[in-house]
Amino acid sequence: MFARQAFRCSQSFKQGLRKYSTEAPKGKSLTPIYLTVGLAGAGIGFYRYSTGAATAESPKDRQKVFVGGDQGWVDLKLAEVETLSHNTKRFRFEFEDKEAVSGLNVASALLAKFKPAGAEKPVIRPYTPTNDEDKPGELEFVIKAYPNGPMSEHFHSLNVGQRMEFKGPLPKYPWEANKHNHIALIAGGTGITPMYQLARQIFKNPDDKTKVTLVFGNVSEEDILLKKELQDLENTYPQRFKAFYVLDNPPEGWTGGKGYITKDLLKTVLPEPKEDNIKLFVCGPPGLYKAISGTKVSPKDQGELDGVLKELGYNKDQVFKF
């Protein structure tokens with residue numbers, strides 16, 4: 001499975017250089033322009049941005065379901081399950097108060113808990129919801145089932161009407177409009193969820209003009225989580241959001257990256273280390289951290305910067321590991 005594979009930086013593939021439109025799409029989605037490059041002489045991507053319009057309503061002052069501190073665990077009922085692929089489902093849990101909101105800030109996550117039959121201790125794992133934090137009455141997760149993954153398998157065994165315990169929020173990276181000029185999201189597999197949470201927050205705020213680049217690695221095309229949502233962002237904000245997809249096992253005719261996330265790809269599409277006020281975010285399986293950024297020591301200790309990003313000249317303060 002993807003979560004157990006290390007991202008190697010020696011696979012060759014062709015990747016398009018990026019151009020951002022300076023105009024909003026007229027009538028239909030804008031198609032990205034790609035120029036093919038090889039690893040031997042990959043050039044630096046050419047970036048052009050313009051600001052785009054967005055709309056957002058101020059959220060009402062609503063009751064928050066998760067308040068942190070000594071609140072303890074909150075029991076929620078599963079209201080809907082949607083199958084997205086052979087190993088991925090969308091789970092919607094409902095709040096008792098239909099007007100309440102989750103209480104999560106961007107970026108933050110929740111802990112999920114259940115106790116297997118006969119086990120001495122419960123299984124506890126962090127998950128990032130995928131629905132808007134201001135949406136009242138419900139909480140949504142997109143979860144991939146991994147073999148021998150006790151929590152993901154438990155989620156996939158749930159039926160509508162059953163309940164699950166959650167706790168939080170767990171603050172990750174506090175975001176405010178225009179905190180950085182340009183951010184890059186480097187994700188693998190289910191590591192896309194906090195990245196999507198952050199991107200969604202940026203583009204729903206008309207005052208936030210942050211530029212966003214996503215590099216997203218997966219095993220196969222059907223493993224790309226939230227693909228429709230990401231494509232919607234790219235089509236709506238072609239001048240500020242660009243996504244690059246890399247597949248271990250691409251289908252015939254695939255025009256994105258092939259193999260693994262490589263140093264040459266990142267050098268081509270990421271903002272340069274010398275650019276002013278940039279931030280790179282990394283999230284994915286252990287192999288991704290090891291190859292791209294180095295691992296973090298604990299939730300409160302980011303550890304030292306290592307891997308490809310260090311080789312490319314970024315410094316520790318420019319990188320955040322979810």
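Predicted model: local features only at pLDDT ≥ 70, side-chain atom pairs only at ≥ 80, totals over all residues.
Residues are numbered from 1 along each chain as its sequence is written, and side-chain values use heavy atoms, with hydrogens and water left out.

**The parallel sheet**

Let's start with an open sheet of six strands in the order β10-β9-β8-β7-β11-β12, with parallel pairing. Strands here are DSSP runs of E with at least two residues, and helices are runs of H or I with at least four, numbered from the N terminus; two strands pair if DSSP finds at least two bridges between them. At the edges stand β10 (257-258) and β12 (319-321), each pairing on one side only.

Axes are lines fitted to C-alpha atoms, for helices over the stretch in contact, and angles run from 0 to 180 degrees between N-to-C directions.

| Helix | Strands touched | Direction angle |
|---|---|---|
| α2 | β7, β8, β9 (241-247) and β11 | about 155° with β7 |
| α3 | β8 and β9 | about 140° with β9 |

How many of the residues of β7 (residues 182-188) are buried? Seven of its seven residues are, where buried means under 20% relative accessible area, exposed over 50% and partly exposed in between, with a 1.4 Å probe and protein chains only. Both faces are covered, with His-182, Ala-184, Ile-186 and Gly-188 on one side and Ile-183, Leu-185 and Ala-187 on the other.

Seven bridges join β7 to the parallel strand β8 (residues 211-218), and six join β7 to β11 (residues 278-283), also in parallel. Leu-185 stands opposite Leu-214 in β8 and opposite Phe-281 in β11.

**How α2 meets α3**

Two packed helices are described by the angle between their axes and the distance between the axes. For α2 and α3 (residues 227-236), the axes come within 11 Å and cross at roughly 30°. Ile-192, Tyr-196, Ala-199 and Phe-203 in α2 meet Glu-229, Leu-230 and Leu-233 in α3.

**The antiparallel sheet**

Six strands form another open sheet, ordered β4-β3-β6-β1-β2-β5, with antiparallel pairing. Its edge strands, β4 (123-127) and β5 (138-144), each have a single partner strand, so one side of each is left without a neighbour in the sheet. From one strand to the next, the twist averages 40°.

Inside this sheet, β1 (residues 74-85) and β6 (residues 163-171) pair in the antiparallel sense over four bridges, and Val-74 has Phe-166 in β6 as its bridge partner.

Helix α1 (residues 150-157) has Met-151, Ser-152, His-154, Phe-155 and His-156 buried. These buried residues pack against β2 (88-94), β3 (108-114), β4, β5 and β6.

**A look at Tyr-127**

Tyr-127 lies in strand β4. Is Tyr-127 buried or exposed? At 17% relative accessibility, Tyr-127 counts as buried. Leaving out residues up to four places away in sequence, Tyr-127 touches Ala-109, Leu-110, Ala-112, Phe-141, Ile-143, Met-151, Ser-152 and Phe-155. Ile-143 is 16 residues from Tyr-127 along the chain, and their C-alpha atoms are separated by 8.6 Å.

Methods: Contact = heavy atoms within 4.5 Å.
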